[in-house]
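Dear colleague,

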Amino acid sequence: MTEKIEDVVKARMYARQQLIDGWDQDIINEGCIIIIGVGALRIL
Amino acid sequence: MGIGKLILVDLDTIETSNLSRQMLFRPGDEGRPKAEVAAERLKEMNPYLDIDFFFEKLQKLPMSVYEESDVVVAALDNFNARLDLNKICLRMKKPMVEGGTVGFEGHVQIVIPEGTGLRYKNKKNEIENLVEARLWEITDTEYPDYYRAQREIELLEEEIERIKNARINPIVNKIHREIELVFDWKYAPELLDQTPCYRCLVPIPPADDKLVAACTLKGLPRNRNHCVIKAEVEFEKKYGHKPDLNLNDEVLKLKEIAQIELEKLRERVFDENVPLEERDSLTKEQIEDWKKNIRETFGSDYKFEEIENILGNKIAAIQTVSSVIASVQSQEALKLLFRVNGRNIGAPMDPPYVNYNGIYGQFDHLNILKSDDCLACGKIEGEENVQIVVPFDANVGYIFEAMEISGHVLDSELWMITDPMTKEIYWNPYMPSLKDPDVKLTSLKIKSNDIITLSPLGKALAESEIKKFNVVIAFM
């Protein structure tokens, strides 16, 4: 079965992190993170 | 790293001073929404990312946006926004990774709300802590032999090990077993599944910047920051609009006005310290010395960049520290993302708070504690703590004004002000004798950092979610 070029490029991009014990790229792909604030992190 | 979806939220637009520290922005982006530009740049770096952005206040976001998210990263620049986001995360049961920096220092705090089901601490250690605490509590009558044994240990040091094994450890083991038996239902939810929240660490948020500005305008400027705040108002009077700090010529005009205010301040201080009748007896050099001292005390003439720093209440910030803190936040968010989805690639940091000092290159983990009195996650309901800044000559009526500036609009006809310790009533709208808005706070013997209580009456008692404001008064 031939893989889509897009999937191959994606797989290459994320190749190294998949060597980490317990890593599951599918979980990351399905995950959603919200970042509130895109600028400074000041605390005072 | 291919997070499926990122949602970026920010109400700000890009300013020139952001370009040296916020790496996703470039010259030419000034004036554009930060969230939009950041989304654009991240998409350039990784076209497979699904990114949404909101040029919106976090408080105005639909709850469905939070609901959709597995992890919330707080990358904010003020206390109140952090407190609001903390509240939302507690309510939505979303883990939050909070971060902040000031100059060469920064911190990251993980907040795991009750009910997320995320295990974050080591069960064995927590049982040990409870056993230890229980041992301090047991009484002579409960375990008399334990006490006798302790005394014998002091006398018979050489026999410590033998006595421990024979008479201490059995009791320890018994308590251990007792705690272990009930741990999962009695202690685990609090000890394993949640952390202190952000509000636990900030029980009384510092006064709103707007209050400081309001106080400054009520009196004469008394320091170089006051002069710039005053100059902003003078600018608006003169040109009919607030100065745009992104426009160089407007900042220059503002600087000129602030400089005039600073000169007036220097003159006032000179007049107060060197009365007219004394001046004749002073030499030219002595007068120059006075003026030099005043100049040193209140600072030199304004520099261009100082104006925006003062008006924006800006603090020191540097890209290196922001990068360290953002990296720690990202790492924690990643572990939580896996954990939320049932996979463990590492526990969240424990203790859940780390401080970073860039000067010493040092990370310190702080064992922060959950507060039972916390107004966000604790047992107290219907209370709020507020700090207000008031001018020295403020009166009782100003308290309601200051509360309004702090975001709490209270009808003075429906709220009572009392001293929480003595119960003395400072304001009662139902009693004409206690309803004088012009009474000075100082005449009521209220000092800086004293606490007063505001309680609702009548309709407000029924309608207000907050049944008690604990207000810390700081004189300015």
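**Helix packing in chain B**

In α4(B), the residues B:Glu126, B:Ile127, B:Leu130, B:Val131, B:Arg134 and B:Leu135 meet B:Val172, B:Ile175, B:His176, B:Ile179, B:Glu180, B:Phe183, B:Tyr187 and B:Leu191 of α6(B) (contact: C-beta atoms, placed from the backbone, within 7 Å; helices: DSSP runs of H or I, at least four residues, and strands: E, at least two, numbered from the N terminus). By class, this contact comprises 10 nonpolar, 1 polar and 3 charged residues (nonpolar: Ala, Val, Leu, Ile, Met, Phe, Trp, Tyr, Cys and Pro; charged: Asp, Glu, Lys and Arg; polar: the others, Gly among them).

This is a predicted model, in which local features need pLDDT of at least 70 and side-chain atom pairs count only at pLDDT 80 or more, while totals for chains, interfaces and linings use all residues. Residues are numbered from 1 along each chain as its sequence is written, and chains are lettered from A and ligands numbered from 1 in the order in which they are written.

The axes of α4 (residues 123-137) and α6 (residues 160-191) of chain B come within 9 Å and cross at roughly 120° (axes: lines fitted to C-alpha atoms, for helices over the stretch in contact; angles: 0 to 180 degrees between N-to-C directions). α4(B) and α6(B) are therefore oblique to each other (under 35 degrees is roughly parallel, over 145 roughly antiparallel, 65 to 115 roughly perpendicular, the rest oblique).

Strand β1 (residues 32-36) of chain A runs parallel to β1 (residues 5-9) of chain B, joined by 5 bridges. A:Ile35 stands opposite B:Leu8.

The complex has an ipTM of 0.78 and a pTM of 0.69 from the predictor.

Key
Two strands pair if DSSP finds at least two bridges between them. Two residues are in contact if their C-beta atoms, placed from the backbone, lie within 7 Å.
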